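Colleague: I would like to learn to read a model residue by residue. Please take me through this one.

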Amino acid sequence: MLYEDFLLEIGCEELPAHTLQALSQALKEGLLLGLSEKGLKHGVAAAYATPRRLAVLIEKIETQAAVQKIERKGPLLSLAVDAEGQVNASGLGFARSCGVDFSELTQIQTPK
């Protein structure tokens, strides 16, 4: 797995001095939360602030998330394909929402 350091710097209008520490910490915590939600490991994170800049440096972020298997249930096959075997809007819409072509989808048996 490859790791890279990441620096986010935001330029802004003059910020009140008494808010700088809270704003920079909130930015850092938000970035770290987003990384953990995506399953990306990282090293030490540090927040920085000046009246016109907020910045966060995160060391050693994984450059690629681990492969995940996601199973989604779509419409019944009888509703996704017409009598002639042509895919209709329901089937195409589900495939598009999954980011794949309809031909890449597989059929599973469920209790329903």
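**Reading the model**

Modeller: Thr-63 is partly exposed, because its relative accessible area is 44%. Buried means under 20%, exposed over 50%, and partly exposed lies in between (1.4 Å probe, protein chains only). This is a predicted model: local features need pLDDT of at least 70, side-chain atom pairs count only at pLDDT 80 or more, and totals for chains, interfaces and linings use all residues. Residues are numbered from 1 along each chain as its sequence is written, and side-chain values use heavy atoms, with hydrogens and water left out.

Colleague: Where is Thr-63 found, and which residues does Thr-63 touch, not counting residues up to four places away in sequence?

Modeller: Thr-63 sits in the loop between strand 3 and helix 2. Helices (H or I, at least four residues) and strands (E, at least two) are DSSP runs, numbered from the N terminus. Contact means heavy atoms within 4.5 Å. Leaving out residues up to four places away in sequence, Thr-63 touches Leu-2, Tyr-3 and Glu-4. Its C-alpha atom is separated by 15 Å from that of Leu-32, 31 residues apart along the chain.

Colleague: Now strand 3. Is Lys-60 buried or exposed?

Modeller: Lys-60, in strand 3, is exposed, with a relative accessible area of 52%. Check its backbone too: phi is near 50°, a positive value in a residue other than glycine. Leu-57 lies in strand 3 as well. Leu-57 is partly exposed, at 28% relative accessible area. Its contacts, not counting residues up to four places away in sequence, are Phe-6, Leu-7, Val-44, Ala-45, Ala-46 and Tyr-48.

Colleague: How do I read a nonpolar core?

Modeller: In soluble globular proteins, nonpolar side chains tend to be buried together. A core here is a set of buried Ala, Val, Leu, Ile, Met, Phe, Trp, Tyr and Cys residues joined through side-chain atoms within 4.5 Å. The largest one has 11 residues, among them Leu-15, Leu-40, Ala-45 and Ile-61. Helix 1 (20–37) and strand 3 (53–62) each give two or more residues to this core. Leu-40 touches Leu-35, Glu-62, Gln-64 and Ala-65, not counting residues up to four places away in sequence.

Colleague: Which residues of helix 3 are buried?

Modeller: An α-helix has 3.6 residues a turn, so residues three or four places apart point the same way. In helix 3, Gly-91, Phe-94 and Ala-95 are buried. They fall within an arc of 95° seen down the axis, so they line one face of the helix. The arc is that of the directions from the helix axis to the C-beta atoms. These buried residues pack against helix 2. On the other side, Ala-89 and Arg-96 are exposed.

Colleague: What is the volume of the largest pocket?

Modeller: Rolling a probe the size of a water molecule over the atoms shows where empty space is left. On a 1 Å grid over the protein atoms alone, using a 1.4 Å probe, a pocket is an open set of points with protein on both sides within 12 Å along at least five of seven lines; lining residues have an atom within 4 Å of a point. Grid points are joined across faces, edges and corners, and a volume is the space filled by probe spheres set on the points. The largest pocket has about 860 Å³. Of its 24 lining residues, the closest to the centre include Arg-72, Gly-74 and Ile-108. Helix 3 gives the largest share of the lining, three residues.
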